[in-house]
Amino acid sequence: MTAEAPSDEVRSGTRAPDSRALPSGTTLRFGVLLLVMVVASVGALDRALQGWFGSAGSEDCWIAAGFDPKGDPHRNFQVQMDALDRPGCFYADDGLFLYWRGVTGTAVVLLVAFAVYWWLPWWRRRSSRLKKLAPGAEDDGIRAELAGLVEDARVRPAPDFMVFASPGTGASVFGRPGRRTVRLDAGLLAVRDSGSGRFKAVVLHELAHLKNRDVDIAYAVVALWRAYLGLVVAPYLLLYFVPSLIAAPQYVGFSEAMQALSLPGLARDLATSVLLLLLVPLAKSDALRHRELYADATAVALGADRGVWESEAARTPARRGAGTVRALLAPWRAHPSWRQRELALGDPAALFSLGAAQMFLIGCAALVTANALTRFWDGLLMVRLISVPVALIVTFAVWRALLYTKDNGGRKQPGGLRSGLWLGVGLTVGELISGLGPLGQWVPERWELSLVLVPAAVAYTAWIALCGRLQLRFNGRPRVLIWPSALAAVLLAVVALSWWTQSGSFYVAGEDQWLREQFTRALAVDSPTTWVSRDGQLAVLATMTLLLLDLAFHKTSLIMALVLWALPLLLWVWQTGGRRGSGLAGTLAAGLVGGAVTAAGLLGLLAYLRSWHQPLALRDTGFDVAFGLGARGVVWLGTLMTALAVVILVRHERLLRAVVAAAVAQTVAVAAGFLVSATWGCLGPLSITAAPCAWKPGAAWAWTAPLAKSALPAVFGALLVAAVVLGAMHLAGVRDRPVTAAPEPAPDPDLTAQRSKPVLYRAATVTGSVLLVLAAVIVGERAFSAPGTPPVARHVPVPAPVPPKESTDPHVRARQALAWLRETKGTNLAVLSDYGAYGKERQAMLRTARSPAPPAPAEAVRFRGVCTALAADALRAQRGVPYPDPVVQRTWSSALHTTRQAAAACLAWLPPGGMHSSGARAVARLDDGLDATTKAMEPIMARLADAKRYWPEEFQQ
């Protein structure tokens, strides 16, 4: 008779893993593997196949546009930006997007992986020589015990049990859904009666895989890995990596300039690909290893004897002398050691979160993918799409850790700081290996700015953990409670990755300098009286304004700025009711104080501008611009300082209270800005205009709307500052104190007067919080609909394309000529070929032009064919890629113009409808065009001859 099924409580007192509350850790790790594998496969296959299906062409395109490895990096970067519309720079030669080879190849790899996944169970069943348990007393007893274990594990439908003739004592499970099979080694049946408990532990471990529903995940991981090895790693090594290493010594013979151009790009390309290729087996091994550890915990929860794992760990000999090597290779092992399994059973908390390796993988893959996706169709849309799976994986991981702590009564809830740290490290590495930067640089010019991704990721995971803690205080199913946080986390990831790929990476590459210079020049030209002798103030305003305008560019970022503090505030109010001891009232008061200090800062800014002592009659619009731009900086500074003060001074819920207080401060500051702008003429000595004292709300809102739009994203900075300080306090050993809210007073009809105070206190606190959220929503909606501050690109005059500049290095000049020839696809040489045809017909054309009779019909057809080809090819050459040397380009452009005029004169001479008397003039013009073209091509041909001498193998293709 089957014993009563045990409860899902581990015999040691801990709760069994719940794989149904949220996606399990194995599922999350499989998502990480799939993400990393797709990213690595796209890049590797695109490089491996580019020799077979066309070249990427971006390097030649940029060199043909005037890129000079020895030139100014900022100018080189602008050359790259100006050339993005050209085929080969941003899109492939055939008009398809870059990486089309990699995307197509990765799709094939996934299809093959699915075929392998579908075929593996059949192959396992056919190739293992399994046999069923035969009828008999002993086998009947085994079947009865197995049926009892299946009943205890509550696995439906029950699997088939088959025996494999092996002396081992292991087991495995395979098969498709609805037809699972557990394979038992013959040696395992032999130890069933030994009393060691091993038989029961092994069988329950395999049943735990079925209970955890990870059998298909294991097959999918194996299928992906085999397809990846055969269809990605092997082609990459054979077709790209090895040939690149063989070709690398040729760069030693290059000039210094060409080495600077080629070697960094090659080394960075190889390093990026190798890193991504190594991350895939890391993700694969982690998913399989976690699957085994998770099944161990479930098996113990189902009644397996934990002593089996302890005895196996004690029996495994410790290997001396190879500790460092084993530690380095451990992350790539697909099966955990017995020591790791024993430790995981003792402390299963690691099973309910993503560790350092997984968070690093997510961050690295996310930014590599985001940077690559900006080259596809609508780059911003593609970046938003990749943000969704990344945000969901991180959110589910954080929530699983919170659920485990809650279910096991832990007082120390995870704050997301450690996970965010490794997520940020992965983001930073991803930016350094795939981010924007001038061609030929080893690292971006201001690579250290990419380190800001570390505290940003810490702030992100800490905010998700904050919302999760607040939501889990309510009763409800985790699958339902998680979705507000998950949707908000997706929106925050969309905002962050979009801003970074669109703007942040430009700061890392150091390419904001030209935009800042244009902005500074535009302000100085627009208001020369204000900014004379004030270059320092102008530079500070320009730098600050570009950053703030970038953050306020998209409506999505402004919506998320509201959600960032409104969601946790409403959850906090709902959960505490504003009762004494919750800290809500004190947080609102701190925000009011911070807002008042920020408002005083606005008045201080007016006083500072007034100190410039410029008469009102001589002032231009620069004063208004200075106050408008300076006010944004003051509001941002006040918001950040409020968050900093609160996170340091309070003792519990530091992150929550810092963000809410900062939001209150910025709202109060914007309201103060509205009052100041509505009463310009009433400020006495602080007034910077000659307007009379009057209340002007309409004009005030026109000024305040841009301020509100720029101030709303300040809460992002507040969250970042609070997370950094919180991380520093965590390292210093400072922890949040537990919340000790005062209990509600007991109902007493005789104490109505005493009871009214707490009720009024809570009502006022809750009402104030709700009104604050409503006010912020109204201000945000008005800011969206107001004309507001235009984007940076509309503030600053669009800079003219960078004029090309002749390089001083002969190798660079030769490479530019070769790249120009390739980019023009022979259209320029076609003009020379047409003139060659003209040379063959010249004597006949000259004889006909001197003859009094019109040309014969056959001659007219031949002559017209020559002139028509000249006209068409010269027009295509004029519309094509200009030559990077400005002197040669002017000569070449003039020769093409002369050619088109000569072709037009030739066509006007020939019948039908031509004037025979103009034949001599047409031939003379054709001669002039031939001379001009020959002269213009002389330096180009000389440089092509140098290129053939430098790189003869490229002329053999």
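Arg842 and Asp927 are joined through their side chains by a salt bridge, with N and O 2.9 Å apart. A salt bridge is defined here as a side-chain nitrogen of Lys or Arg within 4 Å of a carboxyl oxygen of Asp or Glu. The two residues belong to distant parts of the chain, Arg842 to helix H30 and Asp927 to helix H33 (residues 919–950), and are 85 residues apart. Helices (H or I, at least four residues) are DSSP runs, numbered from the N terminus. Arg842 is partly exposed, with a relative accessible area of 25%, whereas Asp927 is buried at 17%; buried denotes under 20% relative accessible area, exposed over 50%, and partly exposed the range in between (1.4 Å probe, protein chains only).

The model is predicted, and local features need pLDDT of at least 70, side-chain atom pairs count only at pLDDT 80 or more, and totals for chains, interfaces and linings use all residues. Residues are numbered from 1 along each chain as its sequence is written, and side-chain values use heavy atoms, with hydrogens and water left out.

By the salt-bridge rule, the count comes to 16. One of these is formed by Glu312 and Arg198, with an N to O distance of 2.7 Å. This pair also links distant parts of the chain, as Glu312 lies in helix H10 (residues 307–315) and Arg198 in helix H7 (residues 198–212), 114 residues apart. Both partners are buried, Glu312 at a relative accessible area of 12% and Arg198 at 17%.

Arg862 is located in helix H31 (residues 857–879) and Glu841 in helix H30 (residues 827–850), so the bridge ties together parts that are 21 residues apart in sequence. Arg862 is partly exposed, at 37% relative accessibility, while Glu841 is buried at 16%.

Aromatic contacts were examined next. The structure holds ten aromatic pairs, in which rings of Phe, Tyr and Trp (its six-membered ring) have centres within 6.5 Å; planes under 30 degrees apart count as stacked, over 60 as edge-to-face and the rest as tilted. Phe114 and Trp118 are stacked, because their ring centres are 6.4 Å apart and their planes stand at 20°. Both residues occur in helix H4 (residues 100–127), four residues apart, which means a separation of about one helical turn. Phe114 is exposed, with a relative accessibility of 52%, and Trp118 is partly exposed at 48%. Ring pairs also bring Tyr117 into a cluster with Phe114 and Trp118.

In helix H30, Tyr835 and Tyr838 lie three residues apart, about one turn of the helix. Their ring centres are 6.4 Å apart and their planes are at 80°, so this pair is edge-to-face. Tyr835 is buried, at 3% relative accessible area, as is Tyr838, at 0%.

Charged side chains also lie over aromatic rings, a criterion requiring NZ of Lys or CZ of Arg within 6 Å of the ring centre and within 35 degrees of the ring normal. Lys284 is placed over the face of Trp225, 4.7 Å from the ring centre. The charged end of Arg341 is positioned over the ring of Trp338, at 4.5 Å from its centre.

Ile246 lies in helix H8 (residues 215–247) and is exposed, with a relative accessible area of 64%.
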